[in-house]
Structure formats: structure tokens, C-alpha cells
Amino acid sequence: MKYLKEFCDYIESETTIKSNYLYLIIISIIIIFIVKIIKIAIYKASLKKNLNSKEKYMYNKKGSTIATCITFILLGLVWVDYLKNFITFITFISTAITLSLKDIIFNFFSGIYIRTSKLFSLEDRIEINGLKGDVVNINKTGFDLLEIGDRVNGEQSTGRIVHVPNSLIFTYPVKNYIKAFKYIWDEIKINIPLDADVYQTKKELYKIVKKNSTIRNIPNKMEDEVNDASTEYRIYFNNLEPIIYIEVVDAHIELYLRFLVHPKKQRNVENSIWLDILKCNREGKIELYKKE
């Protein structure tokens with residue numbers, strides 16, 4: 001530090017730069033540089049740990065947040081005596097800054113609310129303002145969604161990343177697919193002729209859906225999750241098993257096969273069920289309605 005002060009005094013004697021300010025600037029640069037090295041060390045340490053991709057992401061995210069806080073604290077301690085002289089000036093410009101940066105400030109505090117309220121978390125599937133996707137990143141002013149298509153397209157990923165400002169959570173409703181539990185209700189509509197054997201068709205459909213390996217054990221899992229969620233939400237279901245509803249429409253019957261499924265596996269499950277339905281149709285076990 002002695003040599004650093006001597007260097008700063010020499011610069012002041014040769015230029016108009018004040019040695020005390022130069023000294024603080026150099027110290028600040030050193031602090032930032034050291035913290036940067038620490039962040040790199042944290043990142044390399046995560047590579048050596050036996051962590052999955054999500055755990056690595058969270059590990060580095062927390063390390064980055066801690067490093068940023070340490071940087072601000074140390075810089076504040078270095079400049080504290082000089083900051084006192086700027087209190088009046090800061091008070092004067094704070095209003096202007098607040099007005100010009102109000103959206104950023106609002107997004108920042110909205111981000112704090114998201115984290116504290118646990119409105120949604122990383123990898124949750126949500127919908128807000130018509131945008132649907134899986135949360136792949138949450139930062140100080142916004143969050144990123146891996147966009148998914150609409151219901152017709154099976155709600156599969158489009159491959160596009162959509163950045164959403166945090167403040168939108170106070171403007172539009174947030175739909176969380178897996179907030180209370182991981183599964184949602186899905187329905188498949190099967191049309192059969194008016195004179196078809198409804199009871200036999202339902203029997204075959206129940207066989208198909210109950211033998212599906214992806215959704216076979218979901219009702220039991222869902223029951224446990226509903227019990228856990230009931231301490232925080234007034235949620236209950238009378239039935240968690242697959243069920244078929246019937247409706248007569250014009251010259252045919254519509255069967256609605258309703259079952260629980262994980263939202264990210266929804267399209268694959270529907271595809272598998274339809275393949276089994278078509279197989280039963282070829283074997284004469286299920287008669288499908290053909291529009292004339």
C-alpha cells in the first residue's frame with residue numbers, strides 16, 4: 001500500500017489527478033479483479049463436483065450473487081468517507097434517476113417478490129400474457145421462457161427463448177402448471193357411431209389408458225401431492241383415476257377420455273394412446289365414427 005500511495009502521489013505531481021481519488025480507484029479495480037477470480041474459481045469448482053445441469057446452474061447462480069454482494073460491500077467500505085460528501089447531490093438526482101429508471105427498478109423489486117413468494121421456480125411450466133413456456137432462467141430484472149406451442153401442437157418446445165420483464169407478474173395472471181403438484185388433467189375426444197357398443201368401447205379405452213406405463217401410477221402419486229398441497233391450498237379431487245364422459249352429438253357419440261399426465265409428457269402420452277386406439281380399431285374392438 002505504501003508503494004501504491006507513492007505512485008499515486010507521483011501521478012498527482014505530474015497531472016491534475018488527485019492522488020486520494022486515484023488510490024481509491026485502483027483499490028476498487030483490485031477488488032473487482034479479485035472477486036472476478038473468485039467467481040471463476042467457484043465455476044471451476046462446480047465442474048469438479050458430481051452435479052447435474054440444474055445443480056450446476058443453481059451453484060453458479062448463487063456464487064455469482066454472493067460475489068456481487070461482496071463487491072458492493074467492499075466498494076462501499078472503500079468509498080464510504082467520500083460518499084458522505086455526496087449525500088446532498090445524490091438526494092438531488094435520486095428523483096430524476098427514479099423517474100428515468102422506474103421500469104428497471106420496478107422489475108428489480110418484482111424479481112425479489114418472485115423469489116420470496118416462490119411464484120414460480122426454475123423449470124416450472126407457466127403461462128403469462130399469452131406466453132407459455134418452461135422457465136429456464138430468472139435474473140434480477142426478468143426471466144426467460146423456453147417457449148412452447150399451443151394446445152393443438154401438443155405444447156411442445158418451439159426452440160425460442162422469450163425474455164419476460166419481472167413486472168408483468170403484477171399486470172397479468174400467472175398460470176403455473178406445476179405449482180401445487182406436477183400433474184394436470186388431459187382429455188382425448190374419441191368419436192364413435194351412434195349404434196356402437198359404448199360399454200365395450202369404454203372397457204377397451206380403460207384398458208388402454210391404465211396399461212400406459214407413463215400414467216399408470218400417477219393417481220397414487222397425485223393423491224400424495226394433493227394431501228401435501230391441501231395445507232396451503234383449498235384443493236381436493238373426488239376422483240383421480242382415468243374417467244370417460246359421454247356426450248351425444250348429432251349422429252355420433254363423443255367419448256371424453258380424461259386422465260392425469262405430466263405436462264411435459266402430454267403429447268407423447270396422447271400419441272401412445274391414439275396408436276393403441278387405432279390398433280383396437282383395426283382389430284374390431286373399437287369402432288370409430290367416420291363422417292360421411
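Q: How much space lies in the largest pocket?
A: This is a predicted model, where local features need pLDDT of at least 70, side-chain atom pairs count only at pLDDT 80 or more, and totals for chains, interfaces and linings use all residues. Numbering starts from 1 along each chain as its sequence is written, and side-chain values use heavy atoms, without hydrogens and water. On a 1 Å grid over the protein atoms alone, a pocket is an open set of points with protein on both sides within 12 Å along at least five of seven lines; points are joined across faces, edges and corners, and a volume is the space filled by probe spheres set on them. For the largest pocket here, that comes to about 560 Å³.

Q: Which element supplies the largest share of the lining of the largest pocket?
A: Lining residues have an atom within 4 Å of a grid point, and among the 21 here, K61, T65, R115, I138 and N139 are the closest to the pocket's centre. Helices (DSSP runs of H or I, at least four residues, numbered from the N terminus) matter for this question: helix 3 (53-83) and helix 5 (102-117) each give at least two lining residues. The largest share, nine residues, comes from helix 3.

Q: How many residues of the lining of the largest pocket are charged?
A: Asp, Glu, Lys and Arg count as charged, Ala, Val, Leu, Ile, Met, Phe, Trp, Tyr, Cys and Pro as nonpolar, and the others, Gly among them, as polar. The lining divides into 10 nonpolar residues and six polar ones, and the charged residues number five.

Q: Which residues line the largest cavity?
A: A cavity is a set of grid points where a 1.4 Å probe fits but cannot get out. There's one of 30 Å³ or more by this rule, with a volume of about 30 Å³. By class, its lining has six nonpolar, no polar and no charged residues. They are I215, P219, L240, P242, F259 and L260.

Q: What percentage of the residues in the protein chain is buried?
A: The chain has eight helices and eight strands (DSSP E runs of at least two residues). A residue is buried under 20% relative accessible area, exposed over 50% and partly exposed in between, with a 1.4 Å probe and protein chains only. Of the 292 residues, the buried share is 34%.

Q: Which residues does I273 touch beyond four places away in sequence?
A: Touching here is contact, meaning heavy atoms within 4.5 Å. I273 is one of the residues with the most contacts inside the largest nonpolar core. With residues up to four places away left out, its partners are I188, I208, V209, N212, I215, L257 and F259.

Q: How far apart are the C-alpha atoms of I286 and Q200?
A: I286 sits in the segment after helix 8, and it counts as buried because its relative accessibility is 1%. Leaving aside neighbours within four places in sequence, I286 is in contact with T201, E204, L205, I208, C280 and N281. Although I286 and Q200 are 86 residues apart along the chain, their C-alpha atoms are separated by 7.7 Å.

Q: Is K132 buried or exposed?
A: K132 lies in strand 2 (residues 131-138). G149 is 17 residues from K132 in sequence and 7.5 Å away in space, C-alpha to C-alpha. With a relative accessibility of 15%, K132 counts as buried.

Q: What is the phi of E123?
A: Most residues other than glycine have a negative phi. E123 isn't a glycine, yet its phi is positive, at about 80°.

How values were computed:
A nonpolar core is a set of buried Ala, Val, Leu, Ile, Met, Phe, Trp, Tyr and Cys residues joined through side-chain atoms within 4.5 Å.
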